[in-house]
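Work through the exercises below with the sequence and the 3D structure at hand. Each task is followed by a solution in steps.

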Protein chains: 2
Amino acid sequence: MKAPGMNRGDAPGASQAKSLGRALSALAERCRRELDESVVPFWLRHSLDRECGGYLTGLDRQGAVYDDRKYMWLQGREVWTFSRLYNQWQRREEFLDAARLGADFIRKHGRDEQGRVYCTLTRDGRPLHYQRKPYAAVFTMMGLHEYGLAAGDARCREEAKALFWDIERWISDPALIGRLPRPASAPKVSALADEMVLMSMAMELLAVEDDPRVRQVLADAVARAKLHYDPERRVLMELAALDGTDLRGSPDGRLFNPGHSVEVGWFLLHTLEFRPDEDLRRMALEAIEGSLEAGWDREFGGLLYLMDIEGRPPLQLEHFMKLWWPHTEALYAVALAAKLTGDGKWLPWLERLGDYTWAHFPDPECGEWLGYLDRQGRPTHTCKGGNYKGCFHVPRALLMTAQLLSSGAVRAGCQPPP
Amino acid sequence: MKAPGMNRGDAPGASQAKSLGRALSALAERCRRELDESVVPFWLRHSLDRECGGYLTGLDRQGAVYDDRKYMWLQGREVWTFSRLYNQWQRREEFLDAARLGADFIRKHGRDEQGRVYCTLTRDGRPLHYQRKPYAAVFTMMGLHEYGLAAGDARCREEAKALFWDIERWISDPALIGRLPRPASAPKVSALADEMVLMSMAMELLAVEDDPRVRQVLADAVARAKLHYDPERRVLMELAALDGTDLRGSPDGRLFNPGHSVEVGWFLLHTLEFRPDEDLRRMALEAIEGSLEAGWDREFGGLLYLMDIEGRPPLQLEHFMKLWWPHTEALYAVALAAKLTGDGKWLPWLERLGDYTWAHFPDPECGEWLGYLDRQGRPTHTCKGGNYKGCFHVPRALLMTAQLLSSGAVRAGCQPPP
C-alpha cells in the first residue's frame, strides 16, 4: 500500500498554499486549546509534590501516583516546561511557582559532591542511581537555565552555564561519568542525541546572551550532526563515524529512529536563526520529509519507533511500537517546514500526522496524552507518565506549534523576561 | 474467557495419569528431535567464529550475521551448552571442539586486569562495555566450569570457582562493580535473578564436589528466594524485602515476570536433590502453577513477558510481548512437576503450553526458534539470536526435558566425565 502524497515533487499550487494556511491555523488553534485545557491542567493538578518537593511523574491514566521515584531528567524537563510557559506563554504565578518547586528540588538533591547529576532519587531526594549518559544533566541544565530567566535568578543561570560546560566535557570524554573508554582502535563516533542536546542547550544560552565559545559548541555540533545525514535515504542516522569508518556492519550503525531524525531536523532549522547556512536548511527539510517517508508505517499508520535502515533485525524489543513523542516532534517539524517554505507538499503530511496523532494519543476524558501503542495503534500502557514520559514533549510541541503560527518567527530560544 | 483446566483441585484419575504419561513421552521425543535436528545444527553451522574465536550470536533467521559483537553472557552460555551436551547428551568431538572455541575466547579476552567481566567485546575481543550487573560473570563462570569438566581441565574449573566467589561478593556488594550503594535508609532487597543465579551456580559446583561453604550459599539463596513468594497470588515476585518493608508502592516491587517465576520454580525443585525441604517442594509446585495462571494471556494465549501484579502500569515498553524463553522454561517446569507428582492436573498445562510453543516459536525451515512475538502471537523479530537470545534457553530446556523423561531422576547438576 502506498500512502497518499508519498510522491515527491508535487507542484504547490495556489489553492494548495491556501489549504496549507488554513490547516496551519487550525493546527495552531487546536494546539493552544489542547495545551491550555488538557495538558497543563493535568500536570498542575497531579504532578506537584507539595510534600517532598519536585514532581511526581509516575502517574496513571487518571493522575494517581503509581511510582513515586524522582527521575532527574523528568524533573529538569518539567522545570523547563513550567518556566518556559511562564516566560513565553502566560505570566501566571502558578507556572512560576510550579517551576520553583522543581528547581529547588534539583538544586538541593540532584547532584553529588563531584557535581555529577543522579539519574534516580527517592521521592524525598535520596540518591538511587547514577547514569552513565549525560541526559539527566542536560535537562537539569535546561531546567535551571530557563527557571533562572523566569525567576530573575542570576545565580541559578550561572549554575546552569557551569553545568553546560561540564556536560560538554562529559560528552567528549564519557569516561568522566563512568563509561569504559572506547578502545583506541574502535571507530570514533558521534551519537545523534549528543549533538541534539548540545545544539539545544547552546541555543538556549545564545538566545539570551551571545558567547563565542557557545557559538563554537553549536557550530561543532551542527557540523557533526551533518555527518549523520544519509543523502540517499534522506534520514539522520543515530550514529555517525567521525573518521569515515563504515558503521553499517553493526545494528547500532544501522539504527534509524524516525522521531529522533525528525526532531533533529527541526533543531537544525532552529540553528539557522543563529548561523545562516543554505545547505543545512535544504538538508534539514529533506531529513524531515525523508524520515517521515521512511518511518511511516504504511500498513497500520503512525511512525515506527525504531528501524534497521537496511531492514535487518533490530535489537530493541519495542521497535515496532508507536510512541507519542515521535508524533509530537513530527507535527511541529512539519508545521515549521510548511511555515518556512509555504510549500503545499507538506499538507498531506500535516493531515496524515494530525489524523493519526489526534485520534490515538490525547485523552480528553482525563487530560494529557497516552504514550504507548502497539503497531496496530492499540494502547499498551494507559499511564500518563513514568520513567521516560513526563511533562515535556507534549507541552513543548503544543507550545511551539501555537507560537510558530502566531509569531511568524522561528522561536529557537527564549527571550529574557522584561 | 476462562481457559480450560484453570480450575484447581481436579481429581487426577487413573486415565488422566495414563494420558499424562503418554503426553510426557511424546514431549520428550519431540524435544530430543528438535534438539538434535534443528537447534544444535543451527548453532554449529552458523555460530562458531573460526576466524576470531568465540561465537557469533547476532544471527538472522537464516543464520547470517547481522551483529558481530561478542556479548559475554551469551559467550559463556554457549560454552556451557556445548560442554553440557558433550558431558551429558552425546560425546561428540564437535561439541567439545565448539565449547573450546568459546572457552578459549572468554579466557583470553573476557576480563579486565581486576578480574571484572566485560559485558560486550568487539568481534576480535577488544572491550566495549562493562556491566554493572553480575550476569556476564555468572555465565562466564558456568561456561568455564562445565567446560573444565568436559575437557578435564582442572585449572579452568579452579578459575570458575574463584569467579563464583567474586560473583558472590559482587551480588552482596554491587558497589564493587560500579553500582551506587543504596542509601542507608533504603529498604534492603533481594533480586530474584540474583538468587536464581546463585542457586544455579552453587548446584553446578555441588553436583561435582561437596563443599560446605557452597552449600551455605545455596541455603542462603533458597532462604531469600522464599521471601519472593506471594502465597496469596502463588507467584514469585522479582523483588523481595529483606527487612520486611512493603515494596508494593513501587513498580519494581510489584513486578511479576511469569517466565522468571516459573524458571525459579524449577530451580527450587532442583535444590531438593541437595537439601530436602518438604515446604519448599510444595511452595515451588504452587509457584509454577500460580505463575502460569497469573501470567497466561487469556485473550491471545501465551505467557505475558512482564506484569504489574496489581494491574497498575508497567514501566517496561515490551511488557505485553511473548518471548521464547518463558515458554521453554514453563514447558520444562511443567514436565518436571508432572513427573515429580504424577498429578493429572498438569496435563492441561502441558497441552496448552505445548500447543502455543510448538505453533509459534520453532522454525523448521531454517532451524532454531524465533524469539519475539507481539501480544497476538505475530513475530516482531525474525532473528535467531542477538544481544539477549543465544544458544542457551532452547537447547537447555529441550535437553533437560528429554533427560528428565529418560532418566527418571531430576538432573540438577552434571556428573564429572569418567
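This is a predicted model: local features need pLDDT of at least 70, side-chain atom pairs count only at pLDDT 80 or more; totals for chains, interfaces and linings use all residues.

Residues are numbered from 1 along each chain as its sequence is written, chains are lettered from A and ligands numbered from 1 in the order in which they are written, and side-chain values use heavy atoms, with hydrogens and water left out.

**Exercise 1.** Describe the fold content and the dimensions of chain A.

Step 1. Chain A has 12 helices and 13 strands (DSSP runs numbered from the N terminus: H or I of at least four residues for helices, E of at least two for strands).

Step 2. The C-alpha trace of chain A spans about 55 × 55 × 40 Å along its principal axes.

Step 3. For 418 residues a compact globule would have a radius of gyration near 22 Å, and the 20 Å of chain A agrees with this. The radius is taken over C-alpha atoms, and the globule rule is 2.2 Å times the number of residues to the power 0.38.

**Exercise 2.** Describe the contact between chain B and chain A.

Step 1. Chain B gives 45 residues and chain A gives 45 residues, where contact means heavy atoms within 4.5 Å.

Step 2. Together the two chains bury about 3700 Å², 58% of it on carbon and sulfur atoms. Buried area is the accessible area (1.4 Å probe) lost on putting two parts together, summed over both.

Step 3. There are 4 salt bridges between chain B and chain A (a side-chain nitrogen of Lys or Arg within 4 Å of a carboxyl oxygen of Asp or Glu). One of them pairs A:Arg69 with B:Asp252, at 2.6 Å from N to O.

Step 4. A:Arg69 sits in the loop between strand 2 (65-67) and strand 3 (70-71) of chain A, and B:Asp252 in the loop between strand 9 (239-241) and strand 10 (255-256) of chain B, so the pair joins two chains.

**Exercise 3.** How is chain B related to chain A?

Step 1. Chain B superposes on chain A by a rotation of 180 degrees with 0.0 Å of shift along the axis, at RMSD 0.0 Å.

Step 2. The C-alpha of B:Glu318, 2.8 Å from the axis, is the nearest to it in chain B.

Step 3. The copies meet through the same surface, because 100% of the interface residues of chain B are also interface residues in chain A.

Methods. Copies are superposed by least squares on the C-alpha atoms of residues with pLDDT of at least 70 in both.
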